[in-house]
Amino acid sequence: MPLYIVEKDIVTMQTDAIVNPANTGLLPGGGACGAIFAAAGYTELEAACRKLGKCPLGQAVLTPGFKLPAKYVIHVAGPIWEGGQNHEAELLASCYEHALVLALEHGCRSIAFPLISTGIYGYPKKEALHIASTGRPGPVLIDLPKDVQNIEIDLQYPDKIELRGYKPT
């Protein structure tokens, strides 16, 4: 299964699903979350999120993509960085795992992720990229069905992150 690291605007990605780095209340925010709400249609996406209510920390929920190229938006509630001593890594890995499970349950063959929790939540980008690309800690991005075509991670603000010779372990 290929993993592509790209620098693109996630709202323009031609994938079956995109992942929204949401808050637990599924309220519109700034950054990638705000851009996703704006591109999907603020009113429609807000109403769909209101119906869902909340998204527990480390979990994922799904809505239609509305006006986005993607059929679905998978909302994940990532952790706020508090120095790494409050299970942030496990919660972040859980976001990726739950998003992938939802995508597979809805027949998605491609999905685009932002680098979850690295914006206003302050998660260090290098550590977040390691979790996103290797699944550590936890079994994320490992043993996915072979019919999943790709996973794309949107690095809108890469801050000198380098990834060479990616090989899943």
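Analyst: The account below begins with the salt bridges and then turns to the strands and to two further helices.

The model is a predicted one. Side chains of opposite charge can pair when their charged atoms come close. A search of the whole structure finds two such salt bridges.

One of them joins Lys-67 to Glu-44, and the closest N and O atoms of this pair are 3.7 Å apart. Lys-67 belongs to the loop between β3 (60-64) and β4 (72-77), whereas Glu-44 belongs to helix α2 (residues 42-52), so the pair ties together parts that are 23 residues apart in sequence. The two partners may also be described by their accessibility. Lys-67 has a relative accessible area of 59% and is exposed; the cut-off for this class is over 50%. Glu-44, at 31% relative accessibility, counts as partly exposed.

The other salt bridge is formed by the side chains of Glu-46 and Arg-50, with an N to O distance of 3.6 Å. Both residues lie in helix α2, and because they are four residues apart there, about one helical turn separates them. Glu-46 has a relative accessible area of 25% and is therefore partly exposed. Arg-50, with 58% relative accessibility, counts as exposed.

The loop that holds Lys-67 runs between β3 and β4, and these strands deserve attention in turn. β3 and β4 pair in the antiparallel sense, over five bridges. Within this pairing, Leu-62 stands opposite Ile-74 in β4. β3 is mostly covered, since four of its five residues are buried.

When neighbours within four places in sequence are left aside, Ser-94 is in contact with Gly-58 and Gln-59.

Helix α4 (residues 125-134) is likewise mostly covered, with seven of its 10 residues buried.

To return to the request, the two salt bridges may be set side by side: Lys-67 with Glu-44, and Glu-46 with Arg-50.

Note on methods. Residues numbered from 1 in each chain as written. Predicted model: local features only at pLDDT ≥ 70, side-chain atom pairs only at ≥ 80, totals over all residues. Heavy atoms only, no water. Buried < 20%, exposed > 50% of the residue type's maximum accessible area, 1.4 Å probe, protein only. Helix = DSSP H or I, 4+ residues; strand = E, 2+ residues; numbered from the N terminus. Salt bridge = Lys/Arg side-chain N within 4 Å of Asp/Glu carboxyl O. Contact = heavy atoms within 4.5 Å. Pairing = 2+ DSSP bridges.
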